[in-house]
Amino acid sequence: MKPDLIVRTEEPLNIEGRAELLMGQETPVEHFFLRSHGPIPDVDAAAWRLRVEGLVQAPLSLALAEVTTLPAETRRLILECAGNGRRFFDPPARGLTWGRAALGQARWTGTRLDALLDRAGLADAAVHVEFHGLGPVVAGKPAFVRSLPIADVRARGVLLAWAMNGESLIPAHGFPLRVVVPGWTGQHWLKWLTRIEVTAAPADGLYMRDEYCLDGEMIRGPRAKALISSPADGAALRDGVLRASGIAWAGEAEVSRVEVSIDQGESWHHAQLAGYGGRGAWRRWDLDLDVPAGVSGPVTVLARATDDRGRTQPPNGEWNELGYLWDGYDQITVST
């Protein structure tokens with residue numbers, strides 16, 4: 001990780017990226033945010049095994065060399081913490097005070113989980129898959145265990161990934177294997193995967209029942225959001241022209257429109273969207289806008305996205321105690 005990123009906590013290590021670094025199709029690993037619930041384990045790759053067990057007909061135990069030779073897919077996908085933007089809730093919400101950049105986008109390479117489940121053979125009672133990682137348990141906290149319905153595993157095309165941007169995962173990002181759930185927030189992307197248990201019911205416990213839920217329902221994908229990457233917050237404009245660029249994403253949906261305002265939302269200007277990146281990926285947007293003559297001093301720039309289901313980013317996120325899914329307008333201030 002580069003020193004220009006924002007360290008939110010050192011133990012466990014939680015690092016936020018910077019909005020101005022989130023512009024390309026891929027976020028370099030050294031610029032990628034990091035969310036940790038505990039210490040980063042030191043994994044012995046030679047001894048590591050992936051086990052698939054539970055309600056299956058033929059349990060599997062695979063070495064890393066076997067996993068990485070399975071049929072593979074590579075997909076460019078955004079990874080965003082469910083708490084991204086938590087610091088903007090008023091009153092403050094509980095949890096890490098993430099700002100605007102607890103996200104990144106990478107090329108993830110791995111094998112499809114549904115193909116592995118089919119190889120093991122699912123029992124008639126199989127409905128869910130439970131994920132277990134190697135991360136050490138923190139005192140006073142249970143192990144970080146997540147589960148998904150098998151129907152969603154198939155519908156989302158869930159991957160078990162061993163590579164990120166063409167290189168083997170580094171320990172901080174889940175080496176040797178992590179779960180990748182296209183279009184869904186990061187709590188589903190379990191790191192250091194070592195065991196998959198097929199079950200009849202979803203996992204229970206803190207991280208399924210009490211956290212990463214809203215109104216009793218499991219959090220899935222993020223809502224439509226736009227982020228201003230350029231200019232940086234506090235920058236000075238040249239020649240009275242706002243040259244704005246950024247990214248927009250919409251979880252399971254697609255971004256259909258990005259708009260920018262420089263008059264507190266009284267009027268909105270359509271940005272140009274770059275080529276379609278696919279569901280679960282972001283789209284770049286750009287807009288050049290003349291600041292009206294006579295405007296001086298600080299100017300507030302707002303950005304909002306709309307998805308293909310007609311849902312538009314609101315002025316503020318809907319408050320919740322744990323500060324999940326902030327989706328209020330993105331906002332910076334520039335000087336003229």
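User: Among contacts between residues at least 6 apart in sequence, how many join residues at least 24 apart?
Analyst: 72% of them do, in the protein chain. Keep in mind that this is a predicted model.

User: Ok. How many helices and strands does the protein chain have?
Analyst: Four helices and 22 strands. The radius of gyration is 21 Å, close to the 20 Å from the globule rule for 336 residues, so the chain is as compact as a globular protein of that length.

User: And what does the C-alpha trace span along its principal axes?
Analyst: About 75 × 40 × 35 Å.

User: What about burial and surface?
Analyst: Buried residues are 53% of the 336. The accessible surface is about 14600 Å², with 49% of that belonging to carbon and sulfur atoms.

User: Switching to charges: how far apart are the mean positions of the positive and negative ones?
Analyst: 2 Å, taking 35 positive and 42 negative charges.

User: Now Q313. Where does it lie?
Analyst: Q313 is in the loop between β21 (298-307) and β22 (330-335).

User: Is Q313 buried or exposed?
Analyst: Buried, because its relative accessibility is 3%, and the cut-off for buried is under 20%.

User: Which residues does Q313 touch, then?
Analyst: Leaving out residues up to four places away in sequence, Q313 touches A224, K225, A226, A303, R304, A305, D327, G328, Y329 and D330.

User: What lies 2.8 Å from a polar atom of the Q313 side chain?
Analyst: That's the backbone oxygen of G328, and G328 is also among the residues Q313 touches.

Methods
Residues numbered from 1 in each chain as written. Predicted model: local features only at pLDDT ≥ 70, side-chain atom pairs only at ≥ 80, totals over all residues. Heavy atoms only, no water. Helix = DSSP H or I, 4+ residues; strand = E, 2+ residues; numbered from the N terminus. Rg over C-alpha atoms; globule rule 2.2 N^0.38 Å. Buried < 20%, exposed > 50% of the residue type's maximum accessible area, 1.4 Å probe, protein only. Contact = heavy atoms within 4.5 Å. Areas by Shrake-Rupley, 256 points an atom, 1.4 Å probe, with all protein chains shown as cover. Lys, Arg positive; Asp, Glu negative; His and termini not counted. Charge placed at Lys NZ, Arg CZ, Asp CG, Glu CD. Polar contact = N/O pair within 3.5 Å; in protein donor to acceptor, adjacent residues only side chain to side chain.
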